Amino acid sequence: MKYFRQSFVLILLFLISCPFTSIAQGYERQRQEMVETQIRNRGIRDAATLRAMRRVPRHLYIPENQQRWAYDDRPLPIGYGQTISQPYIVGYMTEIIKPKKEFRVLEIGTGSGYQAAVLAEIVEHVFTIEIVESLGLRAKEILDQNYSNVSVKIADGYYGWEEYAPFDAIVVTAAAEYIPPPLIEQLKDGGRMIIPVGSPFRVQQLMLVEKKGDRISSRSLMPVRFVPFTSGD
Ligand code: SAH
């Protein structure tokens, strides 16, 4: 009778945990499919970028009521009028900075924390700045649980993070009307910055900025639509 009761409890526990396991497996499968169809098939080939995106559970970085769409081919709302970028854009922006293990990267616009997590899988340290306090704190919580190489600051990213400059790369994930001069200053010689430039709420240009000595070059890569770069002033 005792064994019967024990096995009954075990079977019950198994049955209760089944839906949770299959939801987790569902996300895992969706994530691998996302990387194949949306990222690799569209030409992102950097092995470190693909590996990072296969690993980071994107659904955990977005509000619960949006999680079932986490691996869809589109941006999603994360609250406070902000969005998590489409997976392809995250892959594209990660690959374009040619991320290396020894890099220190500055991100402006922490948002959900997802882009920071993808970078943290690859580089030595990620410094990320968010202007909306509640978003920054929420992202900090999940990033702290998973990474020891990410620092989150609540501030206006226009001014960069001078204390830790210069950076090997800077990733800006909000659309600025022009490239903030402090960010150019805080870019290392030979460094790359990726930034959407243009008017808020319109199509902007994703620009690649490269610094070589005193020479700053920039070129447009593709039209994009990002939430605006706001200022706390
Ligand atoms: N990288 C994010 C994308 C978030 S959307 C992700 O992976 O989810 C852009 C974010 O930039 C928003 O959260 C917005 O609040 C933030 N932002 C806008 N202007 C900013 C500024 N001046 N400094 C820091 N963050 C800013």
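Contact here means heavy atoms within 4.5 Å. By that criterion Gly136 touches Glu130, Val152 and Ile154, not counting residues up to four places away in sequence. This is a predicted model, in which local features need pLDDT of at least 70, side-chain atom pairs count only at pLDDT 80 or more, and totals for chains, interfaces and linings use all residues. Residues are numbered from 1 along each chain as its sequence is written, and side-chain values use heavy atoms, with hydrogens and water left out.

Start with the whole chain. Its C-alpha atoms fill a box of roughly 80 × 35 × 35 Å, taken along the principal axes. The secondary structure comes to six helices and nine strands. These are DSSP runs, numbered from the N terminus: helices are H or I with at least four residues, strands are E with at least two. Of the 233 residues, 48% are buried. Buried means under 20% relative accessible area, exposed over 50%, and partly exposed in between, with a 1.4 Å probe and protein chains only. Among contacts with a separation of 6 or more, 52% come from residues 24 or more positions apart.

Next, the sheet. Seven strands form an open sheet in the order S5-S4-S3-S6-S7-S8-S9, with mixed pairing. Its edge strands are S5 (150-154) and S9 (215-224), each pairing on one side only. From one strand to the next the twist averages 15°. Two strands pair if DSSP finds at least two bridges between them. Strand S3 (residues 104-108) and strand S6 (residues 167-172) have four bridges and run in the parallel sense. In this pair, Glu107 stands opposite Val171 in S6.

Two helices pack on the sheet. H3 touches S6, S7 (187-197), S8 (204-212) and S9, and its direction makes about 160° with that of S9. Helix H5 (residues 133-146) touches S4 (125-130) and S5, and its direction makes about 165° with that of S5. The axes are lines fitted to C-alpha atoms, for helices over the stretch in contact, and angles run from 0 to 180 degrees between N-to-C directions.

How much of H3 is covered? Nine of the 10 residues in H3 (residues 87-96) are buried. Among them are Pro87, Tyr88, Ile89 and Val90. Just after H3, Lys98 takes a positive phi of about 50°.

Now return to Gly136, which lies in helix H5. Gly136 is buried, with a relative accessible area of 0%.

The loop between S5 and S6 contains Glu162 and Pro166. Why does Glu162 count as exposed? Because its relative accessible area is 63%. Glu162 is 20 residues from Pro182 in sequence, and their C-alpha atoms are 8.5 Å apart in space. In the case of Pro166, a cis peptide bond joins it to Ala165, with omega about 0°.

Two other loops hold positive phi values. Tyr80 sits between strand S1 (76-79) and strand S2 (82-84); its phi is near 55°, a positive value in a residue other than glycine. Phe201 sits in the loop between S7 and S8, with phi near 65°. Phe201 is exposed, with a relative accessible area of 68%.
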